[in-house]
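Biologist: Could you show me how to read the features of a fold, one at a time? I would like the general idea and then the case at hand.

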Amino acid sequence: MSFGARLDAALDARGALCVGIDPHPQLLRAWGFDEDVDGLERFSAACVSGFAGVAAVVKPQSAFFERFGARGVAALERTVADCRSAGALVLLDVKRGDIGSTMAAYAAAYLDPSSPLAADAMTVSPYLGVGALEPAFIAAAAHDAGVFVLALTSNPEGAQVQHARTADGPSVAQTVIDALAARNDGATPTGSVGVVVGATVDQPVDLDRLNGPILVPGIGTQGGSVADVQRLFGPVLRSVLPSMSREVLRAGPHAASLRAAVEQRAADFAFLRS
């Protein structure tokens, strides 16, 4: 089953919500954990216990694991495997972007089932050119995995590049989306190549032809709201995958509180799957 089909089924079964596992220093301290590998492992285990069994998609942020070196990466491997065992799809937030054999190696690391870091999908950056991501698209197709491509992000610095106009007129963000739409053409119920579009963007893009999932960060702490999602994505609401991290993680470290927070946030977006 393709990633697009698995994602569609998961969102119907568990609700439209992607929950981040972001063990940054402030959260480790807020949860009463030390800022070391032991604290990282305890944090990750609490997240798995709290919401991997109820969230449709879980998105570990690789950087917060990598900063602890080999033991941190080992903790990431366990977190990915445990989330998948609990029934969640895992979107590994690595934002890789390179060319040729290097991009192929990144894709193998995160999408090939033989890799200890294999997830259901990964995030990538297209700013060496969408065509440079071809190895990731090939690997995703070969392994029924997914790829989420940055298009129009919620950080204010992104606008300088993403809103820039190409020689033909469309914005850079729109050209990225249009290139990906061609890859999803004809896929049912939805394609496996998605985009990342923030809930706080001020210049919407045309997503009508994408036929793929739209990961929407920036909701809650960053200022985006349910109303923003409705306003920005009205014609393609069923494709939206809202992403939250701090809005859920501030409920930790107790598993029951984390689970309740996920269930409430998913309920807020129940209209996306109606």
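Biologist: How are helix 3 and helix 5 oriented to each other: roughly parallel or roughly antiparallel?

Modeller: A word on the source before I answer. This is a predicted model, in which local features need pLDDT of at least 70 and side-chain atom pairs count only at pLDDT 80 or more, while totals for chains, interfaces and linings use all residues. Residues are numbered from 1 along each chain as its sequence is written, and side-chain values use heavy atoms, with hydrogens and water left out.

Modeller: Helices (H or I, at least four residues) and strands (E, at least two) are DSSP runs, numbered from the N terminus. Axes are lines fitted to C-alpha atoms, for helices over the stretch in contact, and angles run from 0 to 180 degrees between N-to-C directions. Angles under 35 degrees count as roughly parallel, over 145 as roughly antiparallel, 65 to 115 as roughly perpendicular and the rest as oblique. Helix 3 (residues 37–51) and helix 5 (residues 70–85) pack at about 10°, their axes 10 Å apart. They are therefore roughly parallel to each other.

Biologist: Which residues of helix 3 meet helix 5?

Modeller: Contact means heavy atoms within 4.5 Å. Helix 3 brings Val37, Leu40, Glu41, Ser44 and Val48, and among their partners in helix 5 are Arg71, Ala75 and Asp82. An α-helix has 3.6 residues a turn, so residues three or four places apart point the same way.

Biologist: In what order do the strands close into a barrel?

Modeller: Strands of a sheet pair through backbone hydrogen bonds, either parallel or antiparallel. Two strands count as paired if DSSP finds at least two bridges between them. Here eight strands form the barrel in the order 1-2-3-4-5-6-7-8, with parallel pairing. Neighbouring strands are turned by 30° against each other on average, direction ignored.

Biologist: How many bridges join strand 1 to strand 2?

Modeller: Four, and the two strands run parallel; valine 19 has valine 58 of strand 2 as its bridge partner. Strand 2 pairs with strand 3 over two bridges, where valine 57 stands opposite leucine 89. Strand 7 (residues 214–216) and strand 8 (residues 240–244) pair over three bridges, with valine 216 partnered by proline 242.

Biologist: Why is strand 6 described as largely enclosed?

Modeller: Buried means under 20% relative accessible area, exposed over 50%, partly exposed in between (1.4 Å probe, protein chains only). In a regular strand the side chains alternate between the two faces of the sheet. Five of the five residues of strand 6 (residues 193–197) are buried, so the rest of the structure largely encloses this strand. Val193, Val195 and Val197 lie on one side, Gly194 and Val196 on the other. Strand 2 is also covered on both faces, with Val57 and Lys59 on one side and Val58 and Pro60 on the other.

Biologist: Which residues of helix 1 are buried?

Modeller: Phe3, Gly4, Ala5, Leu7, Asp8, Ala10 and Leu11 are. These buried residues pack against strand 2, strand 3, strand 4, strand 5 and strand 8. Just after helix 1, glycine 15 takes a positive phi of about 95°.

Biologist: How far is glycine 15 from alanine 267?

Modeller: Their C-alpha atoms are separated by 7.3 Å, although 252 residues apart along the chain. Alanine 267 sits in helix 12 (residues 255–268) and is partly exposed, with a relative accessible area of 47%.
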